[in-house]
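Reader: I would like to know what stands behind each label put on this model. Please set the values against the criteria.

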Amino acid sequence: MRPFTYERPTDAASAVALLGDAGPAARYLGGGTNLVDLMKLGVESPDVLVDVTRLPHDRIEELDGGGLRIGAAVRNSDLAADRRVREAYPVLAQSVLAGASGQLRNMATVGGNLLQRTRCAYFTDVTKACNKREGGTGCPARAGHHRNHAILGHSEACVATHPSDMAVALAALGATVHVEGHDGPRTIPMPGLHRLPGDEPQRDTELRPGELVTAVELPALELARRSAYRKVRERASFAFALVSVAAALDVRDGVVEDCRIALGAVAHVPWRALRTEEALRGRPATEAAFGEAADAELAAADPLPENAFKVPLARRVIVRTLEELSR
Amino acid sequence: MTIAPSRVVGAPVNRIEGRLKVTGEARYAYETQVDGVAYAAIVGSTIAKGTIRDVHADEALAVPGVLAVLWEGNAPRVADDAEFDLAVLQTRRVAYRGQIVAAVVADSFEVARDAARLVRVEYDAEQHEVVLREDDPKLYAPDKVNPAYDTDTQQGDPDAALEDSQVVHAATYATPAYHNNPMEPHAALAVWDGGDLTLHDSNQGPAMAHTLIAKVLGLEPERLRIISEHVGGGFGSKGLPRPTAVLAALAALAVGRPVKVAATRHEMFALTGYRTPTIQRLQLGADGDGRLQAIVHDVVEQSSTVKEFAEQTAVATRMMYASPTRRTTHRLARLDVPTPSWMRAPGECPGMYALESAMDELAIACGIDPIELRIRNEPETDPETGMPFSSRNLVACLREGARLFGWETRDHAPGPRLQGRSYVGTGVAGSTYPARRRPSSALVREEDDGSYVVRIAASDIGTGSRTVLTQIAADALDVPLERVRVDIGDSALPFASLAGGSMGTASWGTAIVGACRKLRAQGGREAFFDSGDEIEAQEPMARHAFGAQFSEVHVDADTGEVTVSRMLGVFAVGRVMNAKTARSQFLGGMTMGLSMALHEESVMDAEFGDYLNSDLAGYHVAAHADVHDIEAVWIDEVDDALNPMGAKGIGEISIVGTAASIANAVHNATGVRIRDLPITPDRLLI
């Protein structure tokens with residue numbers, strides 16, 4: 001890998017300043033489980049790494065009025081093991097445990113998990129064209145292999161998916177991402193952090209240059225206590241989702257009072273299924289209603305030849321997950 | 001002719017080097033410490049076919065710490081007759097994507113790898129062909145299939161017999177390309193001292209590697225030493241020398257310093273062998289009772305344009321079941337792909353997936369228990385040669401497995417069979433692997449303190465062979481285990497065959513027992529034995545291990561995810577040398593079979609001509625979480641016609657048949673027959 005300088009500030013302002021001074025070829029470093037891989041592959045070649053794991057962002061705190069504030073440097077393992085998370089937001093704990101492997105979760109941070117890059121094999125091979133890696137070079141996945149690529153919201157330029165499990169749960173929960181930049185702090189509601197590829201797939205997120213994720217806030221959300229994450233995968237550990245569903249459901253007297261649903265591995269972003277949610281509210285909690293609600297979202301699906309299976313698979317997993325939550 | 005009742009052979013002795021390995025003290029090739037070492041990084045071709053026009057190294061050479069950029073234009077020469085894959089940097093021809101076209105040597109691995117990206121290679125690219133097709137007009141019959149089997153065999157008129165059969169099952173089965181993926185990558189450290197070369201190399205047999213690498217480098221044998229004390233897995237891919245070893249030697253010569261080379265995981269997908277994809281047409285004809293009248297097994301597979309490697313996919317079909325007529329064929333397409341090679345039971349593993357799936361389908365067509373079908377087709381002698389079997393206990397394995405697994409309650413009707421939210425079913429398949437041995441030699445010496453040292457250029461690639469050989473020597477010398485030390489992993493030791501083809505223990509054990517017996521018979525302090533004559537004098541017989549694989553699967557009714565809830569392997573392998581390491585090998589092989597059934601697939605990218613999923617996140621090998629209730633047992637089998645230990649090799653048999661038993665269980669559970677692997681969830685959305 002290319003030589004780089006390494007900085008390890010202890011407060012957010014210094015981190016933001018260091019990165020700003022270093023220019024566009026600087027990166028924040030969390031657990032390194034994705035960035036370091038990409039550096040070895042030559043996909044990322046930063047001049048400066050600003051290690052943000054020593055910033056005071058490693059705690060999970062209860063918010064006044066309910067909800068949790070999760071520091072961006074909290075390790076995935078610690079997040080999944082936190083009793084408050086497991087009780088009040090089981091979908092989040094389950095999603096984190098469904099990702100990667102034990103060793104990776106011990107290293108990976110919340111901020112880094114949100115900002116990880118796609119695992120599209122064309123993106124990670126610098127000897128091949130990729131619009132996400134290098135705009136305007138083309139997308140070999142569309143005509144090549146795209147079994148695990150997007151069925152929703154993709155563009156001519158890019159059919160990659162966002163690989164995170166955790167982000168799918170955060171999208172369903174409507175978490176708020178706190179960032180710090182040159183112009184001060186601001187917040188971005190999930191799933192709005194990530195963006196669809198359009199004709200600019202190099203940009204994964206709405207973050208401005210130099211902005212640092214400092215925390216994620218979970219709203220007080222009673223229905224999240226009855227929530228679940230279901231990931232369909234080809235291997236029981238250390239495999240990215242074929243399709244995943246994060247769902248929270250509140251059923252009263254057999255009628256859906258409220259729900260939150262997001263899909264993973266179907267798009268460039270964690271995909272909040274607002275049409276499904278809308279179709280369900282006030283409807284009876286039956287398998288037929290769950291199926292119709294899934295169809296409402298998946299009607300927009302535009303699969304490629306190798307991943308057409310994701311459409312029926314997503315429908316089945318939505319129905320099954322909601323059915324189990326409604327029991 | 002077997003050795004006397006033993007004290008330690010058979011016992012569950014812990015690995016002798018286990019402590020060294022878990023504490024990190026065991027040194028693997030790349031970890032060997034020498035002064036002044038430099039590192040080479042590979043520049044792989046980015047075209048699959050064509051010619052190198054020029055290599056521009058200026059930018060790479062300008063990086064501080066870079067010592068040299070080697071390519072065809074400036075690399076030291078190797079022997080003219082070296083095979084293409086080992087003649088590293090000797091030609092401008094590119095035969096597959098990822099071929100080594102240049103290498104950067106630098107003070108550190110990081111600098112070498114960084115500078116490797118700055119080497120600019122100009123090519124004249126040609127259109128490549130990389131996808132195996134059943135109707136490829138270039139298909140031809142190779143002279144032999146690996147290692148020296150007849151390409152085609154015919155017995156009677158199977159076509160006519162198929163016409164006359166009451167029940168016919170005909171179907172095409174396919175397996176994808178597979179990569180061996182040992183944990184330790186292929187790595188070497190080359191140290192020149194004048195004209196003498198010491199190569200610390202990760203391989204499956206230092207003696208074999210020594211012979212071949214000396215030839216490639218044009219070295220007198222006594223000027224080369226290969227040390228491979230600890231090896232982190234091979235699965236066949238380290239059986240033959242790899243370009244990494246040659247590159248280390250050439251680079252060290254070029255820069256005048258010791259040089260280390262390790263293939264990256266990505267590079268291993270082009271440079272270190274893999275299993276060919278196969279397309280297999282199976283035709284079985286039977287009478288109304290399920291007695292086979294015809295077996296036809298036609299195989300299509302691939303090799304590179306630079307080497308003919310023809311996997312012996314149909315050979316097990318020649319000896320597995322009785323039938324009055326039979327035909328087996330192998331056809332090969334030479335494509336612009338890396339050269340395939342040995343991988344995890346070459347031949348038997350993919351071939352028995354097809355045959356044992358077809359037998360399951362035939363059992364259903366005949367309406368009989370698949371175990372009973374196999375018992376009805378048990379041959380008295382080797383069907384192809386008429387030779388007697390030294391021992392054949394397939395039926396005993398099937399019956400013992402049926403008892404242990406609870407087979408008698410099985411409903412043989414195909415699914416779907418829904419229990420809760422899963423389809424549940426069970427499957428069985430037979431297993432077999434040849435029991436061979438190769439000439440080897442060993443030296444045993446009594447030390448002054450009354451202990452013994454055995455010297456043999458054997459190899460322990462993680463199987464426990466160092467431990468097993470120590471047990472064998474202790475019994476042959478009739479002394480406690482603690483008084484014997486076995487030195488292996490060095491070409492300076494007496495010549496030994498490689499760890500491959502499930503032949504290690506049988507080959508090396510024969511030499512060690514020979515040397516120990518000689519020492520005890522003739523007295524003195526030292527004895528040397530070469531098993532060549534003993535093996536040559538061996539009576540011709542059909543020598544094979546057998547087994548039976550049982551699986552139970554739960555298929556998620558909503559998602560199609562397959563969980564193998566129970567696996568049982570029952571094996572007849574002669575005498576088991578070490579109950580602990582043998583069980584580990586069986587369970588490991590069965591897990592690899594599970595992995596083959598459900599996970600593994602090297603995906604060829606037709607546009608670029610390389611295997612796309614070239615890392616362990618993309619190429620799925622079964623994880624611990626995929627393995628649930630798994631058990632391996634063996635039956636008491638006495639076979640005096642094998643070797644002094646009475647042992648059959650156990651390295652490979654337990655992967656054979658596993659995938660078929662799982663595919664058969666999936667069919668029993670769901671009613672869906674998968675004839676091309678892997679069985680991924682999307683195939684089972686029923």
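Predicted model: local features only at pLDDT ≥ 70, side-chain atom pairs only at ≥ 80, totals over all residues.

Reader: Why is α3(B) called mostly covered?

Author: A residue is buried if 20 or more other C-beta atoms lie within 10 Å of its own. In α3(B), 6 of the 8 residues are buried, so the helix counts as mostly covered. They are Val111(B), Ala112(B), Arg113(B), Asp114(B), Ala115(B) and Ala116(B). The buried residues of α3(B) pack against β1, α2 (58-61), β3 and β5 of chain B.

Reader: What makes β5(B) largely enclosed?

Author: The count decides. In β5(B), 7 of the 7 residues are buried, so the rest of the structure largely encloses this strand.

Reader: How do you know that β5(B) pairs with β1(B) and with β3(B)?

Author: Two strands pair if there are at least two bridges between them. β1(B) and β5(B) have 6 bridges, in the antiparallel sense. There, Ala40(B) stands opposite Val105(B). β3(B) and β5(B) have 5 bridges, also antiparallel. There, Val66(B) stands opposite Ala106(B).

Reader: What about β1(B) and β14(B): how many bridges join them, and do they run parallel or antiparallel?

Author: 2 bridges join β1 (residues 38-44) to β14 (residues 259-262) of chain B. At least two are needed, so β1(B) and β14(B) count as a pair. These strands run parallel. Tyr39(B) has Lys260(B) as its bridge partner in β14(B).

Reader: Which strands of chain B stand at the edges of the sheet, and why?

Author: The open sheet has 7 strands in the order β3-β5-β1-β14-β11-β12-β13 (chain B), with mixed pairing. β3 (66-71) and β13 (224-227) of chain B each have a single partner strand, so one side of each lacks a neighbour in the sheet. From one strand to the next, the twist averages 20°.

Reader: Which helices pack on this sheet?

Author: Helix α3 (residues 109-116) of chain B touches β1, β3 and β5 of chain B, and its direction makes about 25° with that of β1(B). Helix α6 (residues 243-255) of chain B lies across β1, β3, β5, β11, β12 and β14 of chain B. Its direction runs at about 35° to β11(B).

Reader: What makes Val104(B) a central member of the largest nonpolar core?

Author: Contacts with other members. This core has 322 residues, and Val104(B) is among those that touch the most other members, together with Ala103(B), Val105(B), Ala248(B), Ala473(B) and Ile512(B). Leaving aside neighbours within four places in sequence, the contacts of Val104(B) include Ala40(B), Val66(B), Ala112(B) and Val119(B).

Reader: Why is the crossing of α8(B) and α15(B) called right-handed?

Author: The crossing is right-handed because the near helix is turned clockwise from the far one. The axes of α8 (residues 348-366) and α15 (residues 658-670) of chain B come within 8 Å and cross at roughly 35°. Among the residues that meet are Tyr353(B) of α8(B) and Ala663(B) of α15(B). The contact residues divide into 5 nonpolar, 2 polar and 2 charged.

Definitions and conventions:
Residues numbered from 1 in each chain as written. Chains lettered and ligands numbered in written order. Helix = DSSP H or I, 4+ residues; strand = E, 2+ residues; numbered from the N terminus. Axes fitted to C-alpha atoms, helices over the stretch in contact; angles between N-to-C directions. Contact = placed C-beta atoms within 7 Å. Nonpolar A, V, L, I, M, F, W, Y, C, P; charged D, E, K, R; others polar. Buried ≥ 20, exposed ≤ 12 C-beta atoms within 10 Å, placed from the backbone. Core = buried A, V, L, I, M, F, W, Y, C linked by C-beta atoms within 7 Å.
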